[in-house]
Amino acid sequence: MDKRGCLLLDNVTIAYGKSVAVDSLTLELGEGELLSLLGPSGCGKSTTLRMIAGFVPPVSGHVMLNGREITRKPPHKRNIGVVFQSYALFPHLSALENVGYGLRMRNVAKTDRLERAKAALETVGLGAFAARLPGNLSGGQQQRVALARALVIEPEILLLDEPLSNLDANLRAEMRDEIRALQQRLGITTLFVTHDQQEALAMSDRIAVMKDGLVTELGTPRQLCDAPRSAFTAGFLGARTVIDGQVEGGTFRAKGTSCAGAPEGATQMVLRASRLRPAAEATGPLALAGTVSTVSYLGESFEIDLAAASGPVRMVIPSDLPPPAPGQTVSVEALPGAVTFI
Ligand code: ADP
Ligand code: MG
């Protein structure tokens with residue numbers, strides 16, 4: 001179970017009737033890579049995944065898997081493992097039978113099938129639960145069965161559609177790390193669909209940011225966080241404040257704020273919440289002040305929202321620092337890496 005593959009989507013357009021859901025998408029996944037499709041609900045992530053799996057034909061374009069064209073192949077003839085958001089387990093089949101199902105579809109002989117299904121259940125840590133029905137398994141265990149069922153066919157690539165969204169918060173973080181570890185151990189090329197930026201940042205080698213059926217930006221988590229090229233990426237990757245303005249003589253200016261050291265032609269200033277601190281008065285290149293509207297305690301941190309003349313500003317500070325009080329007026333101090341311009 002350590003097949004590696006690469007996947008190429010070449011100028012793929014997908015439509016439901018006359019309505020285009022994915023527009024001229026070109027994307028390449030390298031061997032052993034985990035790439036996330038990240039974007040808000042309705043942007044075309046699941047449609048892209050279903051097209052790759054063979055359930056939705058593209059209107060135009062090509063899909064290549066390991067150099068072979070698979071654009072028009074039926075799903076069961078593509079060597080692709082899929083985990084859906086709902087898991088889609090058969091309720092009347094045991095965990096073992098669920099996992100073996102894909103092998104039955106592929107005409108694998110019974111003894112071989114059972115052996116491989118057992119091994120796949122062991123891979124996901126469920127060796128002892130082979131005889132259980134899905135209804136008698138926890139959400140996390142059902143999730144693992146679905147993963148084992150995708151892996152048992154020894155797929156060339158793995159497609160995961162929001163596989164963590166039905167789990168509670170603690171389990172979600174645990175499964176996230178488990179799936180990433182398993183993916184790296186098997187070296188399996190994986191497309192991971194999510195609307196959760198934390199999930200995408202934590203798991204991915206690269207992230208493709210999607211909006212309205214288009215990939216708007218592609219990069220490593222670090223690239224997208226440190227130097228987003230669009231306000232949408234900056235906003236979507238969480239905890240970003242985007243302020244519209246213009247640059248005159250190297251200084252960015254917007255209503256009630258300015259920042260020295262801006263490149264000519266920039267029209268937006270992006271502030272990273274975790275690199276901002278409340279201060280009694282402005283020091284450094286950023287001049288920005290506002291009234292604290294809310295302070296939320298998040299355990300490890302405080303999330304502080306300010307109302308400034310330029311619009312809302314968010315800061316996230318470690319919880320060992322004293323937070324300002326709601327209603328207080330504070331200046332915003334920018335730590336290194338806080339400010340980028342678009
Ligand atoms: P995401 O997974 O990013 O939330 P989808 O790929 O499910 O988005 O949907 C993309 C667009 O296609 C949306 O506008 C959605 O309403 C539409 N869509 C999805 N599935 C169907 C379908 N079976 N029939 C018609 N339109 C659909
Ligand atoms: Mg979806």
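A polar contact is a pair of N or O atoms within 3.5 Å; within protein, one atom must be able to donate a hydrogen and the other to accept it, and residues adjacent in sequence count only if both atoms are side-chain atoms. The model is predicted, so that local features need pLDDT of at least 70 and side-chain atom pairs count only at pLDDT 80 or more, while totals for chains, interfaces and linings use all residues. Residues are numbered from 1 along each chain as its sequence is written, chains are lettered from A and ligands numbered from 1 in the order in which they are written, and side-chain values use heavy atoms, with hydrogens and water left out.

**Figure 1. Polar contacts of ligand 1 with Gly42, Lys45 and Thr47.** A polar side-chain atom of Lys45 is placed 2.8 Å from an oxygen atom of ligand 1. For Thr47, a polar side-chain atom lies 2.5 Å from a ligand oxygen, whereas Gly42 contributes a polar backbone atom, 2.6 Å from an oxygen atom of the ligand. The protein buries 56% of the 560 Å² that ligand 1 exposes when taken alone (accessible areas by the Shrake-Rupley method with a 1.4 Å probe; for residues, only the protein chains shown count as cover).

**Figure 2. The residue shell around ligand 1.** The shell consists of Tyr16, Ala21, Pro40, Ser41, Gly42, Cys43, Gly44, Lys45, Ser46, Thr47 and Arg50, a residue being near the ligand if one of its heavy atoms lies within 4 Å of it. Helix α1 (residues 45-53) supplies the largest share, four residues; helices (H or I, at least four residues) and strands (E, at least two) are DSSP runs numbered from the N terminus. By class, the shell holds four nonpolar, five polar and two charged residues (Ala, Val, Leu, Ile, Met, Phe, Trp, Tyr, Cys and Pro count as nonpolar, Asp, Glu, Lys and Arg as charged, and the others, Gly among them, as polar).

**Figure 3. Thr189 in strand β8.** Thr189 belongs to strand β8, residues 189-194. Its side chain reaches the backbone nitrogen of Gly32 at 2.9 Å. Thr189 counts as buried because its relative accessibility is 0% (buried means under 20% relative accessible area, exposed over 50%, and partly exposed in between, with a 1.4 Å probe and protein chains only).

**Figure 4. The largest nonpolar core.** This core has 35 residues, and those with the most contacts inside it are Val99, Leu121, Val145 and Leu147. The elements that give two or more residues to the core are α2 (95-105), α3 (110-123), α4 (139-151), β7 (157-161) and α5 (169-186). Helix α4 gives the most, with six residues. A nonpolar core is a set of buried Ala, Val, Leu, Ile, Met, Phe, Trp, Tyr and Cys residues joined through side-chain atoms within 4.5 Å.

**Figure 5. Positive phi at Tyr87 and Asn107.** Most residues other than glycine have a negative phi. Tyr87 has a positive phi, near 70°, and is located in the loop between β6 (80-83) and α2. Tyr87 is buried, because its relative accessibility is 6%. The phi of Asn107 is also positive, near 60°, and Asn107 sits in the loop between α2 and α3. With a relative accessible area of 70%, Asn107 is exposed.
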